[in-house]
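Here are my notes on the model you sent. Please read them next to the coordinates.

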Amino acid sequence: MATMSEKPCQRYNVPDWFTANHEMSSTSEQLRDASHDVRQDGRRLRNETEITTRWDTYRNTQRLLDRTDDIQKWRETLQLTLNDVNKEISMLEAGKDMCERELEAMSVPLDVAIENLALREGRVKIDLVRDSPEHQIKKEASVIDGVKQALKQKCDEAFEQLCLLQEARQQLEADLQDKTAAFDIDMEQAMLTKDSPNISYKPNPLRVPPGTVTPQEWEAFSRYNKERADAEMRSATRLREAIAAQIAQAKNDLEAQKEATELEIRKRVHEVERALDELRWQKKNTEDEIAALEADIRELERAIKDKVNPNKLAQTRLENRTYRPGVELCRDEAQYGLTDEVKQLDASTRALEDKCRETKAAWNRLQDQLHRLDEDIKTKSISLDIDKQVIDSRRKLSIYRKPSAETDRNLLVTGVDRSGLRKILALADQ
């Protein structure tokens, strides 16, 4: 019987075959169940990630929009503050200009005071006195110098305050510019979608850029800029009010001192005029007295002359009677009478001559006094003319400029000129 050859490999039993089939079916079912679970987990994960992605995108879009709202609020706040700062800078510059004009205008009253002192140095002799007008004019120059120092200080303070305001404005503008750029960036990001054409992967998108701050620091920075600007504006407002008050006080002080000075000058002019009137009256009386003395001198000289011939007559009689002869040469009543007459005539002549010399001496003294009166009248006339020139020169204090209206002060303090009143006043001044 022939023998059949078999493949040289492992042979299995039928139970093994059934077992293998059963295992294959079981494994297939398990794998399908596992695959089903994987598919279900994949669908669930897909749905969850889709929902999460959409919600994350939505929330972040809202966060970006909320952020732009915050930025916009601060932009509006900073813009309003910047507008107020610009307005305050303009008003403070106007106040500084007004203060500088007032400071420049002080040169007129100071020049007038110096001119007054120089004019009054032209007084001569006894009239070159340290009187009340001189004291008041020097005091006026001192007041003007004090006013100039005060106004110069206010101008310097205004310049420094303007620098601080401009620095605050620069900080506000930089902050506002940065916020505008950040607003544009965040608004652009909020408008992006997953279908936008300009989106892509970026290298290291999770990095934290240098200089990154917290929201609290961001808000504190803007709040500091605003509060600093507000503080500088309050300081500027107080300074403008101080400038207006200083200008008003300066005008009051100068006006008061001007009135006091001119009152003393007018009083001095009145005193000099009264002195001149007295001197002229004394001169007239002195001239009248001199004329009377001259008349008396002429009368005394005539009286002395009138005593010559009677004296000659009496002396001739006495001389001729000395030639009487002999016993006829007696001292009779006629002789005694003639002797007494000569003595009386000599005494009268001497008395008249003494009185004439005395009268001439009085005449000389009156002439000297009249000369002194003329000199004093000339001196006081010079002083009177000088003080009148001083009064004339001080008229420049009333016309060198028109007094600024109270409206200008109000405009300086409030910064309000909506009605165009300043232009109307300017046209009226022209």
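The points below go from basis and fold to backbone details and confidence.

1. Basis. This is a predicted model, in which local features need pLDDT of at least 70, side-chain atom pairs count only at pLDDT 80 or more, and totals for chains, interfaces and linings use all residues. Residues are numbered from 1 along each chain as its sequence is written, and side-chain values use heavy atoms, with hydrogens and water left out.

2. Secondary structure. The protein chain has nine helices and zero strands. Its order from the N terminus is α-α-α-α-α-α-α-α-α. Helices (H or I, at least four residues) and strands (E, at least two) are DSSP runs, numbered from the N terminus.

3. Overall shape. The radius of gyration of the protein chain is 61 Å, whereas a compact globule of 430 residues would have a value near 22 Å. That radius is taken over C-alpha atoms, and the globule rule is 2.2 Å times the number of residues to the power 0.38. Along the principal axes, the C-alpha atoms fill a box of roughly 265 × 45 × 25 Å.

4. Of the 430 residues, 27% are buried (under 20% relative accessible area; exposed is over 50%, partly exposed in between; 1.4 Å probe, protein chains only). Take the contacts (heavy atoms within 4.5 Å) between residues at least 6 apart in sequence: 89% join residues at least 24 apart.

5. Charge. The protein chain carries 73 positive and 84 negative side chains. The centres of the two sets lie 2 Å apart. Lys and Arg count as positive, Asp and Glu as negative; His and the chain ends are not counted. Charges are placed at NZ of Lys, CZ of Arg, CG of Asp or CD of Glu.

6. Positive phi. Most residues other than glycine have a negative phi. Lys125 has phi near 55 degrees. Lys125 sits in the loop between α2 (107–120) and α3 (132–191), and is exposed because its relative accessibility is 58%. Asn204 has phi near 50 degrees. Asn204 belongs to the loop between α3 and α4 (215–306).

7. Confidence. Mean pLDDT (the predictor's confidence in each residue, from 0 to 100) is 85 for the protein chain, and 91% of its residues reach 70 or more. Which element has the lowest mean pLDDT? Helix α9 (residues 421–429) does, at 41, while α3 has the highest, at 91.

8. Over residues 402–407, pLDDT stays under 50, and the model has five contacts beyond four places in sequence for them. Over residues 416–430, pLDDT also stays under 50, with ten such contacts.
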